[in-house]
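Here are my notes on the model, point by point. Have a look at the structure first, then read on.

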Amino acid sequence: MSNKNINRLFEALTPTTEQNEKMFQNILAQGQNENTRRRGFTPMKRARSVVLAAVLMVCLTTTAFAAAYTGLDKTFLKFLNPVNNEQAEYLSNGAYMVDKQVANENGSLTIKQVIGDSNLTYILMNFTAPEGTVLNAARYRFEDNMITTDQDYQSIGFKVLDDGNPVDNKISLVMNIMTKNSIAGQTVHFKFKDLQAADPLPGIFKTVIPGSWETAFKLDFKEYSYLYQIDQNITMFGYGALLKTISVSPISISLKIESGSLNEINEAAGRLKEIGQNEYSDNYPITINYKDGTSETTSIFTGLHVLDYLNDQMHTIKTFEHVINDKEIASIVFFDKEIPIKNGISTTN
């Protein structure tokens with residue numbers, strides 16, 4: 001989706017002055033009719049005060065609902081880059097507005113919005129340094145990230161977004177958290193320490209803003225994932241395995257596999273092969289076939305891969321540079337098995 005279309009969608013989500021005035025006039029008329037019917041006559045001044053209070057309550061309620069579940073931040077929307085307006089609205093309806101700020105003498109951190117699925121959570125945050133500081137490095141991150149969830153593993157990363165002004169004292173970041181299961185609905189405690197900056201790769205991160213920012217909030221986003229129960233035998237590098245489930249959303253695809261030969265499979269896969277600067281080939285790739293005949297393969301490893309030898313389980317999460325058109329997936333190929341997907345439901349038996 002182009003920036004022009006994103007701007008149009010963003011503007012469309014905001015009520016116009018005429019729409020607000022019309023809503024007020026309608027509520028005013030309804031209030032007058034209701035007062036006349038019940039009491040015969042109500043002084044106009046009092047009626048208007050009552051109606052104004054009602055309008056204020058409606059506006060506050062509407063604003064609270066919209067802040068919680070509708071309307072993605074414009075910077076967030078550009079980062080996700082939805083494929084069409086329908087997907088943009090779908091993503092907006094699952095987003096949760098946090099808008100919580102923590103500050104100290106070294107700067108303020110504002111947690112803006114959260115979206116996520118069964119295994120990946122994106123958190124949009126803004127950092128503002130003291131006046132006179134210029135934040136214009138290619139990459140930023142927090143050196144220490146202490147996050148309390150009920151998950152037994154998690155992976156954390158940061159990406160700097162284009163906020164429209166590269167030479168001021170503000171940056172926008174997206175934090176990604178990959179977990180075994182969804183953290184939607186959890187109240188999570190965060191502690192960020194020391195903002196670091198780096199030049200483009202192979203630049204080394206160095207602390208530019210010391211300090212600690214700590215907060216907790218509920219991750220009340222709506223999950224985007226569809227879970228497909230597969231339970232089909234597959235062959236991985238010559239060894240037998242059972243493909244248990246595939247979880248599909250616009251932001252990630254996750255697979256869970258069981259095998260008594262995980263060690264042999266891992267040895268056969270070998271180490272990640274470097275194919276570019278800080279880019280490695282995906283040893284467990286998937287191919288997504290779309291209904292229009294196009295396809296894409298996760299040739300570059302960008303997600304998370306976890307082996308649980310104690311329980312003979314493997315979990316691999318595939319992430320993407322931008323959201324994928326999950327509603328148009330025809331099938332997913334993993335090693336020697338192609339799993340047809342139809343109307344949001346796996347067609348396997």
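1. Accessible areas here come from the Shrake-Rupley method with a 1.4 Å probe, and for residues only the protein chains shown count as cover. On that basis the protein chain exposes about 18500 Å² of accessible surface, with 50% of it belonging to carbon and sulfur atoms. Of the 349 residues, 41% count as buried, meaning under 20% relative accessible area (1.4 Å probe, protein chains only).

2. Some ground rules. This is a predicted model, where local features need pLDDT of at least 70, side-chain atom pairs count only at pLDDT 80 or more, and totals for chains, interfaces and linings use all residues. Residues are numbered from 1 along each chain as its sequence is written, and side-chain values use heavy atoms, with hydrogens and water left out.

3. On confidence: pLDDT (the predictor's confidence in each residue, from 0 to 100) has a mean of 83 over the protein chain, and 78% of the residues reach 70 or more. It is below 50 over residues 12–17, a stretch with four contacts beyond near neighbours in sequence; contact means heavy atoms within 4.5 Å. Residues 345–349 are also below 50, with 15 such contacts in the model. Where pLDDT is low, the predicted coordinates should not be read in detail.

4. As for the fold, I see six helices and 20 strands in the protein chain, taken as DSSP runs numbered from the N terminus (helices H or I, at least four residues; strands E, at least two). Among contacts with a separation of 6 or more, 63% join residues 24 or more positions apart.

5. What is the volume of the largest pocket? About 1600 Å³. A pocket is an open set of points on a 1 Å grid over the protein atoms alone, with protein on both sides within 12 Å along at least five of seven lines; lining residues have an atom within 4 Å of a point. The pocket has 37 lining residues, and Phe 158, Lys 159, Asn 176, Asn 278 and Thr 302 are the closest to its centre. Strand 5 gives the most, seven residues; helix 4 (74–80) and strand 4 (139–148) are among the elements that each supply at least two. By class, the lining has 16 nonpolar, twelve polar and nine charged residues.

6. There is one cavity of 30 Å³ or more, a cavity being a set of grid points where a 1.4 Å probe fits but cannot get out. The largest cavity has a volume of about 40 Å³, and its lining includes Phe 79, Tyr 122, Pro 250 and Glu 321.

Terms used: Grid points are joined across faces, edges and corners, and a volume is the space filled by probe spheres set on the points. Ala, Val, Leu, Ile, Met, Phe, Trp, Tyr, Cys and Pro count as nonpolar, Asp, Glu, Lys and Arg as charged, and the others, Gly among them, as polar. Buried means under 20% relative accessible area, exposed over 50%, partly exposed in between (1.4 Å probe, protein chains only).
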